[in-house]
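Here are a few friendly notes to read alongside the structure. Please take a first look before going through the points.

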Amino acid sequence: MAIRTIRIQGDSVLEKRCREVVELTPKTRELIEDMIETMYEANGVGLAAPQVGVLKRIVVIDVGEGPIVMINPVILESSGEQTGDEGCLSLPGKAGTVTRPNYVKARAYDESMQEFEIEGTELLARAICHELDHLEGHMYTEKVEGGLRDVTYEDAGDKQET
């Protein structure tokens with residue numbers, strides 16, 4: 001496993017739509033392992049493949065209950081609303097207020113290409129929405145209400161949002 005370089009906002013790879021994963025190759029398994037390690041090293045809650053320069057529909061998330069790997073994820077349902085601070089590993093030192101659904105149900109494939117569904121509220125719902133936006137070439141900065149502000153590591157708590 002290896003720590004990968006996280007692409008920063010302004011890098012054109014972050015503006016591109018990702019391709020579906022059709023088979024899980026050894027190279028793709030290595031990518032997933034590297035993404036998890038990179039997310040933890042950067043104190044993140046989530047990481048999408050384009051953030052490490054790979055245009056594949058893969059995200060990893062950990063809101064404190066262990067890593068969740070989502071391959072080819074799609075949101076099936078969402079409801080409610082939550083407004084809160086959000087940051088991104090691709091825009092370090094910045095945060096902004098973003099409104100997202102408070103509940104999300106998604107379908108994806110795991111590392112064995114077995115389909116599963118996941119439901120999440122609050123931080124998990126926010127992380128799923130944030131990471132899936134990356135797969136479409138969008139960043140949270142497009143949704144920020146009232147502009148971005150500077151944050152320090154201490155202000156953001158233990159982890160960057162995603």
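1. A word on terms first: helices (H or I, at least four residues) and strands (E, at least two) are DSSP runs, numbered from the N terminus. Contact means heavy atoms within 4.5 Å. Axes are lines fitted to C-alpha atoms, for helices over the stretch in contact, and angles run from 0 to 180 degrees between N-to-C directions. With that in hand, helix H2 (residues 122-135) lies across E1, E2, E3, strand E6 (103-109) and E7, and runs at about 125° to E7.

2. Please keep in mind that this is a predicted model, in which local features need pLDDT of at least 70 and side-chain atom pairs count only at pLDDT 80 or more, while totals for chains, interfaces and linings use all residues. Residues are numbered from 1 along each chain as its sequence is written, and side-chain values use heavy atoms, with hydrogens and water left out.

3. Now the sheet. Two strands pair if DSSP finds at least two bridges between them. Five strands make an open, antiparallel sheet in the order E1-E2-E3-E6-E7. Strand E1 (46-48) and strand E7 (115-121) are at the edges with a single partner strand each, so one side of each has no neighbour in the sheet. From one strand to the next, the twist averages 35°. Helix H1 (residues 26-41) also packs on the sheet, where it touches E1, E2 and E3, and its direction makes about 35° with that of E2.

4. You can follow the pairing strand by strand. Strand E2 (residues 58-61) is joined to strand E3 (residues 68-79) by four bridges, and Val 59 has Met 70 in E3 as its bridge partner. E3 and E6 share six bridges; here Val 74 is partnered by Arg 107 of E6. E6 and E7 are joined by seven bridges, with Phe 116 of E7 as the partner of Ala 108. The hairpin of E6 and E7 has five residues between the strands, and Met 113 takes a positive phi near 60° there.

5. A nonpolar core is a set of buried Ala, Val, Leu, Ile, Met, Phe, Trp, Tyr and Cys residues joined through side-chain atoms within 4.5 Å. The largest has 27 residues, of which Val 59, Ile 61, Met 70, Ile 118 and Ile 128 touch the most other members. H2 gives the most to this core, with seven residues. A separate core of 17 residues includes Ile 32, Ala 49, Val 69 and Ile 71.

6. Finally, the charged pairs. A salt bridge is a side-chain nitrogen of Lys or Arg within 4 Å of a carboxyl oxygen of Asp or Glu, and the count comes to 13. Arg 4 pairs with Asp 34, with the closest N and O atoms 2.9 Å apart. Arg 4 lies in the segment before H1 and Asp 34 in helix H1, so this pair ties together parts 30 residues apart in sequence. Arg 4 is partly exposed at 25% relative accessible area, whereas Asp 34 is buried at 2%.

7. Arg 100 forms a salt bridge with Glu 86 (2.7 Å, N to O), and both residues are buried. Asp 133 also forms a salt bridge with Arg 100, at 2.8 Å between the closest N and O atoms. Asp 133 lies in helix H2 and Arg 100 in strand E5, so the pair ties together parts 33 residues apart in sequence. Glu 86, Arg 100, Arg 126, Asp 133 and Lys 143 are linked in a salt-bridge network.

Conventions. Buried < 20%, exposed > 50% of the residue type's maximum accessible area, 1.4 Å probe, protein only.
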